[in-house]
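The following report describes selected features of a structure. Please consult the sequence and the coordinates alongside the text.

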Amino acid sequence: MAKTPSPQELSKINHEPSNDGWMEMPVDFRPGTWCYSGKASALETLELPNPREWQPTDEDWKLPDNWETIIYEGFRERLKKFRSLKIFMDTCVRCGACADKCHFFLGSGDPKNMPVLRAELLRSVYRKDFTTAGKILGKLAGARKLTKDVLKEWFYYFYQCTECRRCSVFCPYGIDTAEVTMMARELLHLVGVNINWVLEPAAKCFTTGNHLGLLPHTFKDSIESLCEDIEDVTGIHIDVPLNKKGADVLFITPSADVFADPGIYTFMGYLLLFEHIGLNYTMSTYASEGGNFGLFTNNETMKKLNSKMYAEAKRLGVKWILGGECGHMWRVVHQYMDTMNGPADFLEVPKSPITGTVFENAASTKMVHITEFTADLIKHGKLKFDPRRNDHRHVTFHDSCNPARAMGLFEEPRYIIKQVCNNFHEMPENTIREQTFCCGSGTGLNTDEYMEMRMRGGLPRASAVKHVHQKHGVDLLSCICAIDRATLSTLMQYWVPAVEVSGVHELVGNALIMEGENERTTDLRDEPLEGMEDDE
Amino acid sequence: MKLKSCLKEKRATILERWYQAIIDTYPSESAKHFNNQDPFANPVGFTISDTIGFLYDSLLREEDTEEEIAQALDSMVRIRAVQDFSPSQAVAFVFQLKKVIRAELSGVIDSEKVSEEWGRFEERIDRLALVSFDVYMKCREKIYELRTHEFKSRAWRLLERANMVGVISEESSPNC
Ligand code: SF4
Ligand code: SF4
């Protein structure tokens, strides 16, 4: 057995990393920092190329023989199709303004997690193959050949980007590394290199309409059981209309709201709200998913998965669509839906049946965010609240990347929280609104085998939460994203265990005074309310 | 007491060097970005300087309990426990303090008069290293616990048992 070194000897070991340039450093597939590969069955369902059994730690990734040509052609096609990609490849001046803005870089200290270097992984190959200087000067012009090691590096680092777009806020040229990542992932798909946590949900969505693979009767059963929980807490009986034709509004939310803790409490909040105002709405067992893991796959998959929203709205003959608290669903709706599947001329420009407000901002997509809808109801005095029912909580708000940076939704959720809660505290300025820090697990990286990386990526967010926890006693982190509700819960358990996570409409549901309700003694989680506990 | 007063006098320089030695465990392209001391824009750099300042004073104070020391070490070790370090690399920063002090106070330490005091001080650093290893292990256990917890609590697993899900596969499914 080797002799245990003495502390003196230990102190002499060199712990400094090698000084080789980044191009020479091969990827080390350390457990906890990469995700399992896409399963052949999921690739087949999605009609993606090269379905096979493999794992990133295998030496041989079983790539097609002509994989270089496939990537080269795919790159060329995309440079032609997406002008933004060409601009992002050509424009970066390497000023470094984005370098320390990525949560994965801040948490890991790995230089290839700097957005500028992440994009450079692709750009270096672009230079080699698509620029004259790169072709002639090679490495001197920052160019390099596409090899299997480079491909492995792409896989590693483009699945260490949550496409959160924080870096783009700081880039003087508006270079959006998230879009570079999207393109890199598309290229990797061409040779069958991808992760299961994105593909399997997308495949399930293809066959059942939602990421969890829930069949209609299961979806219905779950909603009914949540209605029973609502009745236990409030005494109010609610029947949720499913696939009802001719309703005013089709309500679509992430399937996690119907199934996963703590999203279910947010869902209970939505239902109480609809009941409170007597909304003529329906849900669909086919458009039973707001999320769209196609966004993390490729354009075609995103488009297909998104199209069912309009298809259902048409089939059911509703006037417009109301969307729940999801993050990336709103990126798709706000930035891509209209171009991909619009215009939805068969729908009406959304108008609140309660207040008469016309949502001009949604005139084209015909889809309204629930916090806009609720904030409008509050503004018009249509909701009755008792905010004391949230007094047992000290709340802060996490701006989820997509609603914040992809649609600029900052005020409505805050306005609602302040109406339904008495204790609200903001996190530091440079960690909220446009500058918000990602949960570290978005874009389909919320899987358990990736835990170390998720904890690194979530460190900046958690540090700000820890600050308000210590300073103001914050114990509830609210947000408007289903991925956040799941992943921030885990993140908090590691970094700030005293803090729980909720959606905004859970707080609304707690505070809403329903006609004919029982006196509330607990919140929607069945936890006793301060000063209102049951005496029995 | 002579050593202690030198250590107090040289506090700023020693901490600066210690900080640098720790920052140097990160790749050089990254290290320079850790000098920003905004706790939110740079949680890693801030936590390191905050923690080592406390630890240094604690070594001189000689009155903190093991629990208090563990608490002080927590934020920094918690970070290193999820970064690209082996267990020994993750806690090696404690031993680096010896190296730094030796370099900074070589004349003082080599003198006969303080050798006993230095020996005792070194022992306290070793104790710190042991505590940091305990903290490290707790963090790693937490990671595994979180993994298992997520895996188990996946709604679809329960549904699978109830035979209620249409498309099911063995090892994975989303939770949103
Ligand atoms: S989009 Fe987000 S995760 Fe990706 S490089 Fe930029 S800051 Fe990092
Ligand atoms: S901020 Fe923009 S131009 Fe500057 S290095 Fe980053 S991507 Fe390049």
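Helices (H or I, at least four residues) and strands (E, at least two) are taken as DSSP runs and numbered from the N terminus. This is a predicted model, in which local features need pLDDT of at least 70 and side-chain atom pairs count only at pLDDT 80 or more, while totals for chains, interfaces and linings use all residues. Residues are numbered from 1 along each chain as its sequence is written, chains are lettered from A and ligands numbered from 1 in the order in which they are written, and side-chain values use heavy atoms, with hydrogens and water left out.

**Individual residues of chain A**

A:Phe359 is found in the loop that runs between helix H16 (328–341) and strand E4 (367–369) of chain A. Contact here means heavy atoms within 4.5 Å. Leaving aside residues up to four places away in sequence, A:Phe359 touches A:Val349, A:Pro350, A:Ser352, A:Val368, A:Glu372, A:Phe373 and A:Asp376.

A:Gly408 occupies the loop between helix H18 (401–406) and helix H19 (411–420) of chain A. The C-alpha atoms of A:Gly408 and A:Glu434 are 7.7 Å apart, with a sequence separation of 26 residues.

A:Arg485 belongs to helix H21 (residues 482–495) of chain A. With residues up to four places away in sequence not counted, the contacts of A:Arg485 include A:Asp257, A:Glu325, A:Tyr270 and A:Cys479.

Relative accessible area is classed as buried (under 20%), exposed (over 50%) or partly exposed (in between), using a 1.4 Å probe and protein chains only.

| Residue | Relative accessible area | Class |
|---|---|---|
| A:Arg485 | 1% | buried |
| A:Phe359 | 6% | buried |
| A:Cys227 | 7% | buried |
| A:Cys92 | 22% | partly exposed |
| A:Gly408 | 42% | partly exposed |

A disulfide is defined as a pair of cysteine sulfur atoms within 2.5 Å. The search of the whole structure finds zero disulfides over all chains.

A residue is assigned to the shell if one of its heavy atoms lies within 4 Å of the ligand. Around ligand 1 are A:Cys102, A:His103, A:Pro115, A:Arg118, A:Cys161, A:Thr162, A:Glu163, A:Cys164, A:Arg165, A:Cys167, A:Thr177 and A:Ala178. At least two residues of this shell come from each of helix H6 (115–130) and helix H10 (177–190) of chain A. Ala, Val, Leu, Ile, Met, Phe, Trp, Tyr, Cys and Pro count as nonpolar, Asp, Glu, Lys and Arg as charged, and the others, Gly among them, as polar. By this scheme the shell holds six nonpolar, three polar and three charged residues.

**Packing of H3(A) and H6(A)**

Helix H3 (residues 67–81) of chain A packs against H6(A) at an angle of about 95°, and the two axes are 12 Å apart. Because angles of 65 to 115 degrees count as roughly perpendicular (under 35 roughly parallel, over 145 roughly antiparallel, the rest oblique), H3(A) is roughly perpendicular to H6(A). Axes are lines fitted to C-alpha atoms, for helices over the stretch in contact, and angles run from 0 to 180 degrees between N-to-C directions. H3(A) contributes A:Tyr72, A:Phe75, A:Arg76 and A:Leu79 to the contact, and H6(A) contributes A:Leu122, A:Tyr126, A:Asp129 and A:Phe130. These contact residues divide into six nonpolar, no polar and two charged.

**Chain B**

Chain B contains ten helices and zero strands. Of its 176 residues, 51% are buried. Among contacts in chain B between residues at least 6 apart in sequence, 67% link residues at least 24 apart.
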